[in-house]
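Have the viewer open as you read.

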Amino acid sequence: MSQTLPKPQTVLTGEWALFLDIDGTLLEHAEHPDAVSVSAELRSLLQGLDHKLSGALAVITGRSVAAVDQLFHPLKLRAAGLYGLEHRLQPDDDVEVAGEPADIAALADEIEAELGHGQAYIERKGRVLAIHTRAAPHLLPRATQLVEQALASLPEGYRVVAGNAGVELLPLEAAKGAAIRRFMGMAPFTGRRPVFLGDDTPDENGFEAVNDAGGISIRVKPPAHTTARHGLAGVAETLAWLRGQL
Ligand SMILES: O=P(O)(O)OC[C@H]1O[C@H](O[C@H]2O[C@H](CO)[C@@H](O)[C@H](O)[C@H]2O)[C@H](O)[C@@H](O)[C@@H]1O
Ligand SMILES: [Mg+2]
């Protein structure tokens, strides 16, 4: 069930820092993670906002930074990927990329063998594993059960999070709130107030961080329960709001 939260009225000036989720916020969901694309208009909108905010703009996403770069090419954004496990604090920085741990690889193979033929898509992101069931919603309960059961045999320090039409297994330290706090400790973000737009369960942790910092939390398509204090109806309204900030 969705709810109506007030639309954000703030005009983003130089005292603000802008943090953006990607899927479901800037891009409408598609059947498969690789089926989304970024328009030239969206690229130029983000470039314009980045310029207006003197670089205090970052994407905070469950995708890897490499996947972000592929999507937004040739634009290189400041980014936290894999829910903050990866980060690029300055556009030209290198990103440290972790490989897939052996136990996660074994689990991914096992899930692939059971669900991969039934149209679930297993997205292997190194230390994060996502099982997408958008094309086969009946597989979601089994996918969730498999990753939850795996928690018992994995080393401590993993958790299971509901994805959008899927489920993800991720290390405990992967959290959007921590990623936002890391950016806020660095130029050009320091001293500003954060605004975060997101659409999903893993974004709630980011909303909490932003609320604590006296910022503005905005959930796209807000459900009945959210810690976000503002809402936007969908991707189209989000893009219109962002365009209005230029
Ligand atoms: O934090 P986000 O930027 O919102 O990324 C969350 C996940 O997004 C992608 O999956 C979701 O979008 C796909 C494309 O619309 C869709 O097919 C899938 O069902 C959604 O769950 C991405 O593939 C994941 O890696 C991100 O974690
Ligand atoms: Mg999202």
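The centres of domain 1 and domain 2, taken over C-alpha atoms, sit 24 Å apart. Their contact (heavy atoms within 4.5 Å) draws 15 residues from domain 1 and 16 residues from domain 2. As for bounds, which come from an automatic or database domain assignment, domain 1 covers 16-97 + 174-243 and domain 2 covers 102-171.

This is a predicted model, where local features need pLDDT of at least 70, side-chain atom pairs count only at pLDDT 80 or more, and totals for chains, interfaces and linings use all residues. Residues are numbered from 1 along each chain as its sequence is written, chains are lettered from A and ligands numbered from 1 in the order written, and side-chain values use heavy atoms, leaving out hydrogens and water.

Now the metal: the magnesium ion (ligand 2) has Asp21 (OD), Asp23 (O) and Asp199 (OD) as its protein donors, at 2.0 to 2.2 Å. Donors here are N, O and S atoms within 2.8 Å of the metal (3.2 Å for Na, K and Ca); water isn't among the atoms, so sites may look incomplete. Asp23 is in the loop between strand E1 and helix H1, and Asp199 in the loop between strand E9 and helix H6, so the pair ties together parts 176 residues apart in sequence. Helices (H or I, at least four residues) and strands (E, at least two) are DSSP runs, numbered from the N terminus.

Both of these residues are buried (under 20% relative accessible area, 1.4 Å probe, protein chains only):

| Residue | Relative accessible area |
|---|---|
| Asp23 | 17% |
| Asp199 | 8% |

Definitions and conventions:
Buried means under 20% relative accessible area, exposed over 50%, partly exposed in between (1.4 Å probe, protein chains only).
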